[in-house]
Amino acid sequence: PNSDQKIRETNPEFRLGDELAINRGFPYYTGAILKTSNRGASWTASNSIPKDFSTIISVDFIDSQTGYICGDNQIKNKFTPKIYKTNDAGNNWIEMKISNFNGSLRRILCRNEYVYCAGYMENNSSSATSVSDGILLMSTNSGVSWSNTIFPLLDHISGIKFIDANTGFICGVFDTSMNKPYSSGIYKTT
């Protein structure tokens, strides 16, 4: 069967972004990058997926050529966050060098040379009220270097949105103890 038929048969979960779709890397799936050039009427699988990228979770493109994907590589319950960039419409992907931490990156957003990536990192502190902290990675130079901000009140950051060059929002969930239901929170920057 062709790629389109295989996609329909396996029915994986997709998120769309500027003519690319990604398959979440559940234990019974491996990561996949699919591309369409006809508004989703047909899809072709990319053969350029990085080999050490088991869970591709988010994609965003600045233009038709330059884009980013994020997620993680899982080995024996340890998650290593990953960010990759393409400059040729997804034909090739280059790994971005980020700080090493246990966790996962869940959302990526790019605006020209600014790239934001949000998720969580494991919290190993004995005084911590949760097992993870929200983390936001930011690059002001198209992924050449990264800084990060930790949000200890959020277990993980699940969404990020900028409405202009300066004003942005992140949202996520937090839990003050392992025995209570989750609550949500929103942070704003100006």
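Predicted model: local features only at pLDDT ≥ 70, side-chain atom pairs only at ≥ 80, totals over all residues.
**Leu137.** With neighbours within four places in sequence left aside, Leu137 is in contact with Ile83, Ile98, Phe101, Leu105, Val115, Tyr116, Cys117, Trp146, Ser147 and Asn148.

**Conventions.** I number residues from 1 along each chain as its sequence is written. I note that local features need pLDDT of at least 70, that side-chain atom pairs count only at pLDDT 80 or more, that totals for chains, interfaces and linings use all residues, and that side-chain values use heavy atoms, with hydrogens and water left out.

**Cores.** I then turned to the nonpolar cores, each a set of buried Ala, Val, Leu, Ile, Met, Phe, Trp, Tyr and Cys residues joined through side-chain atoms within 4.5 Å. Buried here means under 20% relative accessible area, exposed over 50%, and partly exposed in between, with a 1.4 Å probe and protein chains only. The largest core has 14 residues, of which Tyr68, Ile83, Leu105, Ile108, Cys117, Leu137 and Trp146 touch the most other members. Strand 6 (67–75), strand 9 (103–111), strand 10 and strand 11 (132–139) each supply at least two residues of this core; strand 9 gives the most, with three residues. Strands are DSSP runs of E of at least two residues, and helices are runs of H or I of at least four, both numbered from the N terminus. Another core, of 10 residues, lies apart from the largest one and includes Leu136, Phe151, Leu154 and Ile157.

**Leu154.** I located Leu154 in the loop between strand 12 (147–151) and strand 13 (156–162). Leu154 counts as buried because its relative accessibility is 1%. Its C-alpha atom is separated by 5.0 Å from that of Gly134, 20 residues apart along the chain.

I traced an open sheet of four strands in the order 9-10-11-12, with antiparallel pairing. Strands pair if DSSP finds at least two bridges between them. Strand 9 and strand 12 stand at the edges with a single partner strand each, so one side of each has no neighbour in the sheet. From one strand to the next the twist averages 20 degrees; axes are lines fitted to C-alpha atoms, for helices over the stretch in contact, and angles run from 0 to 180 degrees between N-to-C directions. Strand 9 and strand 10 pair in the antiparallel sense over eight bridges, and the bridge partner of Leu109 in strand 10 is Tyr116.

**Aromatic rings.** I searched for rings of Phe, Tyr and Trp (its six-membered ring) with centres within 6.5 Å, where planes under 30 degrees apart count as stacked, over 60 as edge-to-face and the rest as tilted. The count comes to one aromatic pair. Tyr116 and Phe162 form this stacked pair, at 4.3 Å centre to centre with 20 degrees between the planes. The pair links distant parts of the chain, Tyr116 in strand 10 (residues 114–122) and Phe162 in strand 13, 46 residues apart. Both residues, Tyr116 and Phe162, are buried.

**Cysteines.** I found zero disulfides in the whole structure, taking a disulfide as a pair of cysteine sulfur atoms within 2.5 Å. For Cys70, the nearest cysteine sulfur is that of Cys117, 3.5 Å away. Cys70 is buried, with a relative accessible area of 0%, and Cys110 also counts as buried, at 2%.

**Thr66.** I placed Thr66 in the loop between strand 5 (55–61) and strand 6. Thr66 counts as buried because its relative accessibility is 16%. Beyond neighbours within four places in sequence, Thr66 is in contact with Phe61, Lys85, Thr86 and Asn87.

Technical notes. Contact = heavy atoms within 4.5 Å.
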